[in-house]
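Thanks for passing this one along. Here are my notes, as numbered points, to read with the structure open beside you.

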Amino acid sequence: MTLRIEDYALIGDLQTAALIGRDGSVDWLCLPRFDSAACFAALIGGEENGHWRIAPKGAGAGPCTRRGYVGDSLVLESVWETRTGTVKVTDFMPHRDKAPDLVRIVEGVSGSVEMSGTLRLRFDYGSVVPWMRRVDGHRVAVAGPDSVWLRSEPEVKTWGEQLSTRSSFTVAEGEQVAFVLTWHPSHMPRPKLIDPHKSLQHTLADWNDWSSRCRYQGPYREAVMRSLITLKALTYAPTGGIVAAPTTSLPEDIGGVRNWDYRYSWLRDSTLTLGALVSAGYLDEAAAWRDWLLRAVAGDPADLQIMYGLAGERRLPETVLPWLGGYAGSTPVRIGNDAVHQLQLDVYGEVIDSLYVARRAGLAAERHAWNIQLSLMGFLESAWREPDEGLWEVRGRRRHFVHSKVMAWVAADRAVRTLEEVPELSGDVTRWRAMRDEVHREVCEKGFDPQRNTFTQSYGSVELDAAALLIPRVGFLPADDPRVIGTVDAVQAELGTGPLVRRYSKGANDVDGLPGHEGEFLVCSFWLADALLMTGRVKEARELFERLLGLRNDVGLLSEEYDAGAGLQLGNFPQAFSHIGLVNTALALSTDQTAG
């Protein structure tokens, strides 16, 4: 039976992440990086594509009774209450030294519980069955460049069965059995062994130390802290890049084709990410993200991409994996992302706005940062007039998307402000002011529908776009402007489903070029709450936000979308953009003097 997307929880080591179901099965893990090939791919295939399950044997083998993270950490505890006793499984990945480790500690809480384990390793996204052997008390799996070592403390009985490694053992009250799974390149010697119990204490200490730095102490601290921990977990520590999600091809439409690889870093998220980290007090992480951004975008401004790899890689070729049946039959399963080749003019505004926010937040200036912005502005001064694919990466024809033009205005506005605040920098402030005025005038003339009193998705279109909710946030128009108020009302009325908001109008398949439908977009729903707050509808904003909090799963995680009709999370999981939206809205509600 396919688990719901919200039945999974996340663990990770700041370089990769695993998803563990309520049934005790690790169904997704890419090693050694977020964007490496998966060795457990049951999430988007079946058990034959790799998983690792530890759970009570027989009648007690259903979903866990309860689960949760230990305090403000990424250490997961799952508890099963069975007829013969209660057992707890603690799952975590220690912050990495060299080799990545996945640790699972089984502990008897009361009575006596017979446990069963199945380890089915399948390298290269579930397609390669490794050669297994025993070495010095380990089970060792090898295939091509990959090697995985499994050991237990104390050693338990294991045997091979149906191309998997099985185990069976019993834990009584107070007894523990720890399993450690370690990956390393197959041509290298055995990795250094870790003490699983000491590693647990060190991992908890690391997370508690990190969490204690959070400045936010408002009424939504639990939700904010869990979202910040999730954003930290999606950070690739060696470079500071943040993946949009740790998964690929979890569907936006169950059974459909809207299945994409999100294991990369998007520029569109940059300003909102930076703002959330700075506001919560995580300046080191904000600086690391800023530095990743500067490295990634270096080069010809005409070649600026909408996304990059974890270290700033540019080539992310999209490929279909035909041997994987997809989550709940949703195919194709894709790795890589062809949207990397799209022209999205909004990213120029995102980059320049991010660097503006970073400078005002007091992050140490990088000498070449302004030169990069000069280069980007030089390109955008003419390119802003071109049609593009827009924020939502539509695979239809290019259009003059209103949001793209608004973000071109943001680029010019932040460049002007920077020169006004730091006049010793080089740049043509007069020309940029003229560009800013021209973009503003054109958007208000061509992107606004006066009959309906709302901004539209693109010039001359009737469709609406939730990205228009960002117009007051970026300062394009004041929040009390009648056009802003009208747009908020129109989006809420035409794109809203209860507390949720779709990205753009129904029946707009000619816009995105894809068959099928998608769920309501969670970050757009947070944008609606922000817009309501900015336009003075504080009570409505707070009520909406609290309803959105109720859509999180039992451990506080959100995917990209939500199917309001079925009551299910959709899309890649957990999604950084959704959690960024949550943090920013919570911070806005807490800082608004009338929100209390």
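How much space lies in the largest cavity? About 160 Å³.

Before the details, please bear in mind that this is a predicted model, in which local features need pLDDT of at least 70, side-chain atom pairs count only at pLDDT 80 or more, and totals for chains, interfaces and linings use all residues. Residues are numbered from 1 along each chain as its sequence is written, and side-chain values use heavy atoms, with hydrogens and water left out.

1. **How the spaces were found.** Rolling a probe the size of a water molecule over the atoms shows where empty space is left. Here a 1 Å grid over the protein atoms alone is used: a cavity is a set of points where a 1.4 Å probe fits but cannot get out, while a pocket is an open set with protein on both sides within 12 Å along at least five of seven lines. Lining residues have an atom within 4 Å of a point. Points are joined across faces, edges and corners, and a volume is the space filled by probe spheres set on them.

2. **The largest cavity.** The whole structure has seven cavities of 30 Å³ or more. Lining the largest are 15 residues, with Glu252, Trp260, Trp392, Glu393 and Arg503 nearest its centre. Its lining comprises seven nonpolar, one polar and seven charged residues. (Ala, Val, Leu, Ile, Met, Phe, Trp, Tyr, Cys and Pro count as nonpolar, Asp, Glu, Lys and Arg as charged, and the others, Gly among them, as polar.)

3. **The second largest cavity.** This one has a volume of about 70 Å³. Among the residues that line it are Asp101, His138, Trp149, Arg151, Pro191 and Lys192. Strand β12 (146-153) gives the most to this lining, three residues, and β15 also supplies at least two. (Strands are DSSP runs of E with at least two residues, helices are runs of H or I with at least four, and both are numbered from the N terminus.)

4. **The largest pocket.** Its volume is about 710 Å³. There are 31 lining residues, and the closest to the centre are Thr271, Leu272, Gly275, Val357 and Arg473. Two or more residues come from each of α4 (270-280), α6 (346-360), α8 (402-421), α12 (522-534) and α14 (576-591). Helix α4 has the largest share, six residues. By class, the lining holds 16 nonpolar, seven polar and eight charged residues.

5. **Helix α4 itself.** Of its 11 residues, 10 are buried, so α4 is largely enclosed by the rest of the structure. (Buried means under 20% relative accessible area, exposed over 50%, and partly exposed in between, with a 1.4 Å probe and protein chains only.) The buried set includes Thr271, Leu272 and Gly275. Just after the helix, Gly281 takes a positive phi of about 100 degrees.

6. **The second largest pocket.** About 450 Å³ is its volume. It is lined by 20 residues, and Asp97, Lys98, Ala99, Pro191 and Lys192 are the closest to its centre. Strand β15 (residues 176-185) gives the most, with three residues.

7. **Ser525.** This residue is in helix α12 and is buried, at 0% relative accessibility. Its side chain reaches the backbone nitrogen of Val501 at 3.0 Å. Beyond its neighbours within four places in sequence, Ser525 is in contact (heavy atoms within 4.5 Å) with Pro499, Leu500, Val501, Leu544 and Leu548.

8. **Cysteines.** The structure holds zero disulfides, a disulfide being a pair of cysteine sulfur atoms within 2.5 Å. Cys39 is buried, at 2% relative accessibility.

9. **Backbone points to look at.** Most residues other than glycine have a negative phi, and most peptide bonds are trans. The peptide bond from Leu31 to Pro32 is cis, with omega near 5 degrees, and so is the one from Phe573 to Pro574, with omega near -20 degrees. Leu163 has a positive phi of about 55 degrees and is exposed, with a relative accessible area of 62%. Ala328 has a phi near 50 degrees and is partly exposed, at 38%.

Conventions. A polar contact is a pair of N or O atoms within 3.5 Å; within protein, one must be able to donate a hydrogen and the other to accept it, and residues adjacent in sequence count only if both atoms are side-chain atoms.
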